[in-house]
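Student: I would like to learn how to read a structure like this one. Please take me through some features, one at a time.

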Amino acid sequence: MDTGEKLRRGGGRLCCICNDRRAALKRPKTLQQICRECFYAVFEEEIHQVIIKNQLFKPGERIAIGASGGKDSTVLAYVLSELNKRYSYGLDLFLLSIDEGITGYRDDSLETVKRNELQYGLPLKIISYKDLYGWTMDEIVKMIGLKNNCTFCGVFRRQALDRGAALLKVDKVATGHNADDIAETVLLNILRGDIARLSRCTSITTGEDGPIPRCKPFKYTYEKEIVMYAYFKKLDYFSTECIYSPNAYRGFAREFIKDLERIRPRAILDIIKSGEDFRISTSTKMPEQGTCERCGYISSQKWCKACVLLEGLNRGMPKLGIGRTRGMSSDQMKNPKPTGAAKNIESKQCGSLDF
């Protein structure tokens, strides 16, 4: 009696792909019941096809993987490393981590990244907010509180990734943004009425007109499947949520997406498809891309958002940087008056990519 016959007689369900091994899970994306080995194969093959069809990489490129120690970036580092060997992509891979300065969270997650460096044999570079901006997130939260802290962190983190990538002299940055993340972003941009971001948030590669493009190999990969892959592969990752994010606006969109997924799993891909198919009216005025007068970073305003936020922090007026940059007059921008022990941001050269 063969294995398949034994399983059928014993009431076990066979993998719907190989029809030989016992099914170990139901894929959240397709609801197929498959074995672990087939899950590994289809999971990795789907990512490979996304990379090939979208021409995300070219042979010989240096790629920085945004590594936080969480499930997404850890699985991305592992899978990219495996696919690079298997299909001879010819890439030089690096791990790039941002230390926001969050005690009890980021310091612990960075220990995971350091272990990943050894496990996957990928060089690691860590860039800290303290070195770049003169502030840690712990210090910022003490001043601003928990209401708008994610605004600061998001702006600083995006710029820190670019600066770290420039230090590594890479051609692209690969991030672990998954399908759930992108669906959330589509909803958030609709709710905010942010037409500029809505028009590009579903792009698999962004920043091609900037210093260093970013790509998202997990664009069509469900978060649940990333978790399953990490669990079955026994990957070493950090699973604690940021201690400062419980009230983040994105969290409400995330819960809504999860509710939709429970009712109809394909809802996540449908939201992404809707975002891809949005057409912005030609009469809509889009912000013009320029550079920050102070630091030279990409900006559609006189000052980039990071410089505006830092100016508010350094002047002891953190709410000055919340909202739109036009909240500061040109005189305020050009003639900053630091108070107390605050350091002028010119000493940090925020955003400058000239190393």
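**Reading the model**

Tutor: Start with one side chain: Asp 72 is buried, because its relative accessible area is 14% and the cut-off for buried is under 20%. Keep in mind that this is a predicted model.

Student: Where is Asp 72 found, and which residues does Asp 72 touch, not counting residues up to four places away in sequence?

Tutor: Asp 72 belongs to helix H3, residues 71-86. Not counting residues up to four places away in sequence, Asp 72 touches Gly 176, Asn 178, Asp 181, Phe 218 and Ile 226.

Student: How many helices and strands does the secondary structure of the chain come to?

Tutor: There are 14 helices and ten strands. The chain has 355 residues, and 50% of them are buried. Contacts can also be sorted by sequence separation. Of the contacts in the chain with a separation of 6 or more, 68% are between residues 24 or more positions apart.

Student: Which residues is Leu 161 in contact with, leaving aside its neighbours within four places in sequence?

Tutor: Leu 161 lies in helix H7, residues 149-168, and is buried, with a relative accessible area of 8%. Leaving aside neighbours within four places in sequence, its contacts are Gly 66, Leu 96, Ile 98 and Arg 214. Take Gly 66: it is 95 residues from Leu 161 along the chain, yet their C-alpha atoms are separated by 7.5 Å.

Student: Next, helix pairs. At what angle do the axes of H8 and H11 cross?

Tutor: A helix pair is described by the distance and the angle between the two axes. For H8 (residues 179-192) and H11 (residues 249-263), the axes come within 9 Å and cross at roughly 120°. H8 is therefore oblique to H11. Their crossing is right-handed.

Student: Which residues make the contact of H8 and H11?

Tutor: On the H8 side they are Asp 180, Asp 181, Ala 183, Glu 184, Thr 185, Leu 187, Leu 188, Leu 191 and Arg 192. H11 contributes Tyr 249, Arg 250, Ala 253, Arg 254, Phe 256, Ile 257, Lys 258 and Glu 261. By class, the residues of this contact are eight nonpolar, one polar and eight charged. Asp 181 of H8 takes part in this contact and also touches Asp 72.

Student: Which residues of helix H12 are buried, and what covers them?

Tutor: In H12, residues 267-277, the buried residues are Ala 267, Ile 268, Leu 269, Ile 271, Ile 272 and Gly 275. Their cover includes H8 and H11.

Student: Are Ser 88 and Lys 234 buried or exposed?

Tutor: Ser 88 is exposed at a relative accessible area of 61%, and Lys 234 is exposed at 68%.

Student: Last, what does the UniProt annotation say of residues 290-320?

Tutor: The unreviewed UniProt entry annotates residues 290-320 as "domain: Cytoplasmic tRNA 2-thiolation protein 1 C-terminal". In the model this span is 32% helix and 13% strand, and its end C-alpha atoms lie 22 Å apart.

Methods:
Residues numbered from 1 in each chain as written. Predicted model: local features only at pLDDT ≥ 70, side-chain atom pairs only at ≥ 80, totals over all residues. Heavy atoms only, no water. Axes fitted to C-alpha atoms, helices over the stretch in contact; angles between N-to-C directions. Helix = DSSP H or I, 4+ residues; strand = E, 2+ residues; numbered from the N terminus. Parallel < 35°, antiparallel > 145°, perpendicular 65-115°, else oblique. Left-handed = near helix turned anticlockwise from the far one by under 90°. Contact = heavy atoms within 4.5 Å. Nonpolar A, V, L, I, M, F, W, Y, C, P; charged D, E, K, R; others polar. Buried < 20%, exposed > 50% of the residue type's maximum accessible area, 1.4 Å probe, protein only. UniProt positions renumbered as here; feature names shortened; annotations may be inferred.
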